[in-house]
Amino acid sequence: MGRPSRPMLSPGIIVAAATELIDAEGLEALSTRRLAAELGVSAPSLYNHFRNKDEILDAVADSIIARVDVSSFQTHDWKSALLLWGHSYHRELRKHPRIVPYLANGPGRRPAALAMADAVYGGLIRAGWPPARATHVGALMRYFVVGSAVGSFAMGFAGDETLDETRYPHLGDAHLLPEHQEAVDEGAFALGLDSLIAGLAITFDTITRR
């Protein structure tokens, strides 16, 4: 028999399958045995590409961050750059909410995550932010974006038709929020991001006037 035209496994194939599994069933569903079964191979064959499950998780996390657009820090003023980056970052995390708790652990030595941090920090420094404050701004943005992707405010009211109106007189229509999940959650994120950047602009003006 001739050799196959392409290998059965590659890092990209493994990462894609792991991402699909996590998206469908959550972080707890991922194991090297389960992933190998999904790919139709033996578990040891995965170790030709990744040493353990944590390396696979890091690769999944980094593949998501690699799709976040940070180019605006080269082409726009810092406020517009933060806005564009924030929306891109949020958009990618919302596609994969079940990996977000792992992403929240920080960039570690993930190349794409470190490249994103470098682009943001560099852009803020070039704009005139002091190094310590640039670090604070990057961290603040990360807290806000990652936090927004952890869960849905609107879906938190699913099944609440029987709320006691004597105890919660202003939440009589709260059970309708899940029907408008995207408008509620995305609207809240956009408002929060706009407000955050507006507040940072005041801080920046104060710093640069000193």
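This is a predicted model: local features need pLDDT of at least 70, side-chain atom pairs count only at pLDDT 80 or more; totals for chains, interfaces and linings use all residues.

I looked up the surface first: the protein chain exposes about 12400 Å², and carbon and sulfur atoms supply 56% of that area.

Next, burial. Of the 210 residues in the protein chain, 37% are buried.

Then the overall dimensions. The C-alpha trace spans about 70 × 55 × 25 Å along its principal axes. I get a radius of gyration of 21 Å for the protein chain, while a compact globule of 210 residues would have one near 17 Å.

What is the chain built from? I count 10 helices and zero strands. I also checked the contacts with a separation of 6 or more: 70% of them come from residues 24 or more positions apart.

Now for helix H9, residues 131-150. How far apart should its ends be? At 1.5 Å a residue, its 20 residues should span 28 Å, and the end C-alpha atoms are 29 Å apart, which agrees.

I listed the buried residues of H9: Ala134, Val137, Gly138, Met141, Val145, Val146, Ser148 and Ala149. Looking down the axis of H9, I see them fall within an arc of 160°, so they line one face of the helix. The face turned away from that buried side carries Tyr143 and Val150, which are exposed.

Methods. Residues are numbered from 1 along each chain as its sequence is written. Side-chain values use heavy atoms; hydrogens and water are left out. Helices (H or I, at least four residues) and strands (E, at least two) are DSSP runs, numbered from the N terminus. The expected span of a helix is 1.5 Å times one less than its number of residues. Buried means under 20% relative accessible area, exposed over 50%, partly exposed in between (1.4 Å probe, protein chains only). The arc is that of the directions from the helix axis to the C-beta atoms. The radius of gyration is taken over C-alpha atoms; the globule rule is 2.2 Å times the number of residues to the power 0.38. Contact means heavy atoms within 4.5 Å. Accessible areas come from the Shrake-Rupley method with a 1.4 Å probe; for residues, only the protein chains shown count as cover.
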